[in-house]
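Reader: I would like to go through this model feature by feature. Please give the general idea, then the case at hand.

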Amino acid sequence: MRIDILTLFPDTVGDMMHESILGRAQERDLIRIEAWQIRDYTASKQNQVDDYPYGGGHGAVLQADPLYRCWEAVCDEVGGPVHTVYLSPCGKTFTQKDAVRLRDTVENLILVCGHYEGIDQRFIDECVDEEISLGDFVLTGGEIPAMAVADAVARLVPGVLGDEMCYTDESHWAGTLEYPQYSRPEVWHGLAVPKILLSGNHAAVDRWRRKQSLLRTYRRRPDLYKTLRFETKQERKLLREMEEEYGQSFDPKKLD
């Protein structure tokens, strides 16, 4: 998979995307992540890429032409179909399902980082396939969202992580939050690791982790918990055990 990021700060983005797991994955040619300097594609002698918005208002707007020239250069180098995402507070909130979707359906992903008051709508209309947001807040630029999306998608590419369970066992993969994790030492600041994790009974550990995952989701993200369905005999038995242990109902249908 290839990911190209259009930005005003390619060195910062490039350095981050070539570290740690993603850096090693690129060394093994599992993925490729490139950062492009938008200013390199402006026709302005002053390297200007922004201007005042028509209609007045505060701030400046990234111009369509340098963005388009940069986008076109990426398309020419890729030489195949691309899927272009603009990181915008007006976009759809990004989820794990979106990361999986992009991994499964896109071979060449272009991420466009906005700045100032945004980018010229005409570039969006002509070149952007979808707009994505990290949440209901605003940042000074699109670099952090772009790196977050690139990381979330790239880590799902086969071989980037050591084992598929590295992500299938995590928060949001199956609609729940991940269970608590513990490491050495066994006792720290008077707090001990749960005994079940020291038992060596893998089936019991798996059961404990599933309960903890459900309990954490119930308490922290009731919106997610409401969507869960306990349809098998084993799942209903697990739910009854939790209700006996904690003295309350965990039926998603009974949540307000």
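Author: Start with burial: a residue is buried under 20% relative accessible area, exposed over 50%, and partly exposed in between, using a 1.4 Å probe and protein chains only. Here 43% of the 256 residues of the protein count as buried. This is a predicted model, in which local features need pLDDT of at least 70, side-chain atom pairs count only at pLDDT 80 or more, and totals for chains, interfaces and linings use all residues. Residues are numbered from 1 along each chain as its sequence is written, and side-chain values use heavy atoms, with hydrogens and water left out.

Reader: How many helices and strands does the protein have?

Author: Both are DSSP runs numbered from the N terminus: helices are H or I with at least four residues, strands E with at least two. The protein has ten helices and nine strands. Its radius of gyration, taken over C-alpha atoms, is 23 Å, well over the 18 Å from the globule rule for 256 residues, so the protein is more spread out than a compact globule. That rule is 2.2 Å times the number of residues to the power 0.38.

Reader: Where does Q37 lie, and is Q37 buried or exposed?

Author: Q37 lies in strand β2, residues 32-37. Q37 counts as buried because its relative accessibility is 18%.

Reader: Which residues is Q37 in contact with, leaving aside neighbours within four places in sequence?

Author: Contact means heavy atoms within 4.5 Å. On that basis Q37 touches T7, L8, P10 and C70.
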